[in-house]
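Q: Please take a close look at a single helix of this chain, and at the packing that surrounds that part.

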Amino acid sequence: MLALEILDIKDFTSKLFVGNVFDTFCLSEAAFTTFLTCTIDGKLKKDFFDSGQAPDDRSLSLWSEVKPYCYTLIRGRRTPLHFKIVFQLSPKNTEKMLHSSGASLTAEDVFGLFLNCQFEKGRLICTTGTSLKVFSTDRTVDQLWDDLVRRFFRQQKISFEER
């Protein structure tokens, strides 16, 4: 697990809610606290869609699909008291990461690679997490995911400090 404190919160939240930096991540869950708390479950409800319109290849919504709703929850003069957004790397990108690294585990062995972004009391901390479907003492997947997140943040010019 990796914990990164975001140094420029305004820049990060702009990239998060206005830009497209995180748009291809799946949303596992989110919660926003302003004058009330709103919780969002990222699981797609396929019964809602007309036949043929539901995305067949995924069970979670993309951040790009939910971001406008989330932005309306926090937009305004006052800073939210708290927010937490849990992203999950898509199965396709998980497979790509594992394949390119030569890791012994496959995408079918991985339940999810998570990036938790939590804002509270003026601090924004992003932590990584992995969940496997199989028992393994091998921490290669953890290290690969941590390295990928570091590279992604640097590539997107997100300033951070490791905690």
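A: In this predicted model, helix H4 covers residues 140–155, and its 16 residues, counted at 1.5 Å a residue, should span 22 Å, which agrees with the 22 Å that separates its end C-alpha atoms. Just after H4, Lys157 adopts a positive phi of about 55 degrees.

The buried residues of H4 are Val141, Asp142, Trp145, Asp146, Val149, Arg150, Phe152 and Phe153. In an α-helix there are 3.6 residues a turn, so residues three or four places apart point the same way. The cover over the buried residues of H4 includes strands E1 (3–6), E6 (110–120), E7 (123–132) and E8 (160–162), together with helices H1 (9–17) and H3 (91–101).

Phe153 also belongs to the largest nonpolar core, a set of 38 residues in which Phe12, Phe22, Ile85 and Phe153 have the most contacts. Phe22, in turn, touches both Phe152 and Phe153, and its contacts beyond four places in sequence also include Phe12, Leu16, Trp63, Phe87, Leu115 and Ile158.

Across the whole structure, 18 aromatic pairs are found. One of them joins Phe17 and Tyr71 in a tilted arrangement, with 6.4 Å from centre to centre and 35 degrees between the planes; this pair links distant parts of the chain, since Phe17 lies in helix H1 and Tyr71 in helix H2 (residues 63–74), 54 residues apart. Phe17 is buried, with a relative accessible area of 5%, whereas Tyr71, at 29% relative accessibility, counts as partly exposed.

Technical notes:
Residues numbered from 1 in each chain as written. Predicted model: local features only at pLDDT ≥ 70, side-chain atom pairs only at ≥ 80, totals over all residues. Heavy atoms only, no water. Helix = DSSP H or I, 4+ residues; strand = E, 2+ residues; numbered from the N terminus. Expected span 1.5 Å × (residues − 1). Buried < 20%, exposed > 50% of the residue type's maximum accessible area, 1.4 Å probe, protein only. Contact = heavy atoms within 4.5 Å. Core = buried A, V, L, I, M, F, W, Y, C linked by side-chain atoms within 4.5 Å. Phe/Tyr/Trp six-rings, centres within 6.5 Å; stacked < 30°, edge-to-face > 60°.
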